[in-house]
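Hello,

Here is the structure we spoke about handing over. Please look through it first; my notes follow below.

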Amino acid sequence: MSATTMLGRREFIRTSAAVGGGLIVGMHLPALGAGKLPKDAVPQPVAITAYVRIAPDESVTIVANHSEMGQGVYTSLPMLINEELEANWTNIHVLPAPVDPVYNHPVFGMQMTGGSTSTAAEWDHYRKMGAIARAMLVQAAAQEWSVDPASCHVENGVVIHAASSRRVSYGSLADAAAKIPAPADVPLKPPKDFGIIGKPTHRLDTPSKVNGAAQFGLDVNLPGMLVAVVARSPYFGGKVANVDSAEALKIHGVKAIEQIPTGIAVIADGFWPAKRARDLLAVEWDRGPNGNLSTEEMLREFSETSKKPGDIAMKTGEPAAALASATKTITAEYDVPYLAHAMMEPLNCVVDLRADSCEIWTGTQFQTVDRMRAAQVAGLPPEKVQVHTTYLGGGFGRRANPASDFVVEAVNVAKMAKAPVKVIWTREDDLRGGWYRPMWHDRFVAGVDASGNPVAWTHTIVGQSIMQGTLFESFIKNGIDSTSVEGAADILYNFPNLQVDLHTAKIGVPVQWWRSVGHSHTGFSVEAFFDEVAHAGGKDPYELRRTLLAKQPRMLAVLELAAQEANWGSKLPLGVGRGIATHFSFESYVAQVVEASVEKGAVRVHRVVCAVDCGRAINPDTVKAQMEGGIIFGLTAALKTEITFKDGRVQQGNFNDYPMLRIFESPKIEVYIVPSTKNPTGVGEPGVPPVAPALANAIFDATGKRIRRLPIRRSDLA
Amino acid sequence: MTKFFVNGKPVQVDVDPSTPLLWVLREALALTGTKFGCGMALCGACTVHLDGRAIRSCVAPVSRAEGKHVTTIEGLSANLTHPLQRAWIELDVPQCGYCQSGQIMSAAILLAENKSPSDEDIDEAMGGNICRCGTYPRIRSAIHRAAELAREQRTK
């Protein structure tokens, strides 16, 4: 065994990441939690860099600094590295990164997964990491053979010196390569030489996800671990006024019932006794400042507010004058509700808190923030806290919580448990736990001239800010939280006179990014209202989009591709309507065409055609999967779900009253990717925004009914 | 003491007989492939087989398993060779993967009873299994593919 291997967790690396993006050079190589590796990890690999480890058996471990929540990064990141590393693909394994600055997001400067940025932001970085490791392996071989490294090349995990017909495998070079100083700059392959990038590639995580082996946070079991559930206030900001736990304590298996900042923790030797005991708790709640929340009232207030001018997010031309002189004006108001993320794996977190350390296992999108918050609560320096990232049973933004709510609470429970403890949220806890996509109200007034061309477009948005009151508050500029107006203020249509303004509502409901964030409401309202404007001016909604996107070649191309594949303008069966929408989000361009009908008072979605330009598609099959998933996610929001309040309480609790789209409601979906040589852009979220408006527009085409609120109700179709 | 069989092996557990089978599998027997999603038989993530029938283990008290045979995702095949697993891998069905154990266990009963299911048969058999990632189109294709693979296996 080599010295490097023996150093194990405490080894040092000379240059862990000698490339741009604010990465840290010369820092220690983070420990990877020996003894707690996922099942598919490989023992005793040698760290070539912080991102690449190679073992004598030729297995190659890629350290992933982004969380796998279904979007395919545990395949796309290795693809990027291996494009340059050129190891044998079948030997590649993935290990979640521990929390360490060397694994920070190259753009956001902290370890996190979000904003549809993982693959796009790592495009250069991961390829460089692969190239650096390859250069070190080649250098090691060249030294051994006393030849010029430039006379060697690599192939499928082997360094070759063709002139002397010598070959040596990566596995046998790992020790020597790890001692080579990392080169500062290694040229990257020109795209024409790409091997794996752009090729549909099987996901590396699929096998473990079809036999039960993949480990999610909820699956973590530690020796002596207890299980806790928490009785939380049904009112946001409410407090425990009184608790009687006498009956609950009688349940066999209950270890402790303790008050923590978020409520009453019931700690037991398993989930079932904890849950049964919680059901027997008699808790009186002090309702606090939000005890009277009412959706009905909010709807009224939002609508009233939207008639007043707000903070200006965007203004071009003279919209007021243009409206005044328009031949025809069109006014409409749109509403979308609070939405829960409803990941299939409810929130959970395992904490092993000791006097001088804290270890956390959870499916998180927000490692740096979680560690910081956990350290504060544990009273430990951050470096004494380690976060082990498991697979995420869905994230959609919820697991990137600015307050680290589910992690902080679990550390508080661990303080009481005096043993390793897993906090499990039931589905009801999860759906009622807040941090929703904000409720939004959008009011539009547009004007068209005598030939039906739009001359003015004004849009007033009312809703809560996601950034306000969080550590991201500094992102709010001049009263405008950009996530409140994204997709509206940066609208791509060429309106000569445009105004977008914002009223930031102050409501005590915790809100958060939800797959596609602000675009999840602006996509709907802007694109559905666009359809209204087109019809008011007697224009075909597709042709009007073409006209107003003339200076947006990438959007124009996806629009035309979607329309062409959907055979826009062709006859449909009786009762079936067709709608179209486009949306630009996370730097990607998407257009969708929906075919739908209303049968017996219910919407039936027959077909969705989607065209996407996301720059270079790293793994085209993943791009397709994300569009398919985004469309179904968006259809659930369009047709099914809302979180509403009455007397301060959330009215929904489980999949009976917060229903998901099911397989028998799922349409035929076709995805077309625009070939591109531009840098990759977002994929996880951009498929969501266009589907609700395309559906609303299809319903109008089929029935003449305008859909101006989501979810679509039977009464809006009659 | 409740005695039953899991994936062919006899087990006995000493828990409150009202405890749902799901938690016995996950906590007492460390078979974590079966997932908790809703606790109300609404999502299908906890689907296992009880004497060859699909059940929602989150609402099935362990007492119901007394003397019976339970099959979980871990027992579907020893080495990813079940036609459904092969089809799921071939078509890269899972995204987050959390619901897929339940999806596959529901699909396994469908295929056992119907060698060539139609889209309508699939919709009916799989309607109780939610996938938040939206893998339904691939689930449908993969079940058709698995049926094909199973037919090939039988004719070999």
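**Notes on the structure**

The first thing to know is that this is a predicted model.

Helix α10 of chain A covers residues 367-378 and lies across β15, β16 and β17 of chain A. Its direction is at about 140° to that of β17(A). Helix α11 of chain A, residues 405-417, lies across β8 (226-232), β10, β11 (263-268), β15, β16 and β18 (421-424) of chain A. Relative to β15(A), helix α11 runs at about 45°.

The strands named above belong to an open sheet of seven strands in chain A, with mixed pairing. Reading across the sheet, the order is β10-β11-β8-β18-β15-β16-β17. At the edges are β10 (254-260) and β17 (385-389) of chain A, each of which pairs on one side only. On average, and with direction ignored, neighbouring strands of this sheet are turned by 20° against each other.

One pair within the sheet can be followed down to residues. Strands β15 (residues 348-353) and β16 (residues 358-362) of chain A run antiparallel and are joined by four bridges. In this pair, A:V350 stands opposite A:W361 of β16(A).

Next, chain A as a whole. There are 18 helices and 27 strands in chain A. Its C-alpha atoms fill a box of roughly 80 × 75 × 45 Å along the principal axes. A compact globule of 718 residues would have a radius of gyration near 27 Å, and chain A agrees with this because its own value is 27 Å. Of the 718 residues in chain A, 59% count as buried. Among contacts in chain A with a separation of 6 or more, 77% are between residues 24 or more positions apart.

Finally, the contact between the chains. How many residues of chain B are in contact with chain A? The number is 45 residues of chain B, which are in contact with 46 residues of chain A. On the chain B side, the elements that give two or more residues are α1 (21-28), α2 (83-90), α3 (100-113), α4 (119-126) and α5 (136-155). The largest share of that side comes from α5(B), with four residues. By type, the residues on the side of chain B that touches chain A divide into 24 nonpolar, 14 polar and seven charged.

Regards

Definitions and conventions. Residues numbered from 1 in each chain as written. Chains lettered and ligands numbered in written order. Predicted model: local features only at pLDDT ≥ 70, side-chain atom pairs only at ≥ 80, totals over all residues. Pairing = 2+ DSSP bridges. Axes fitted to C-alpha atoms, helices over the stretch in contact; angles between N-to-C directions. Contact = placed C-beta atoms within 7 Å. Rg over C-alpha atoms; globule rule 2.2 N^0.38 Å. Buried ≥ 20, exposed ≤ 12 C-beta atoms within 10 Å, placed from the backbone. Nonpolar A, V, L, I, M, F, W, Y, C, P; charged D, E, K, R; others polar.
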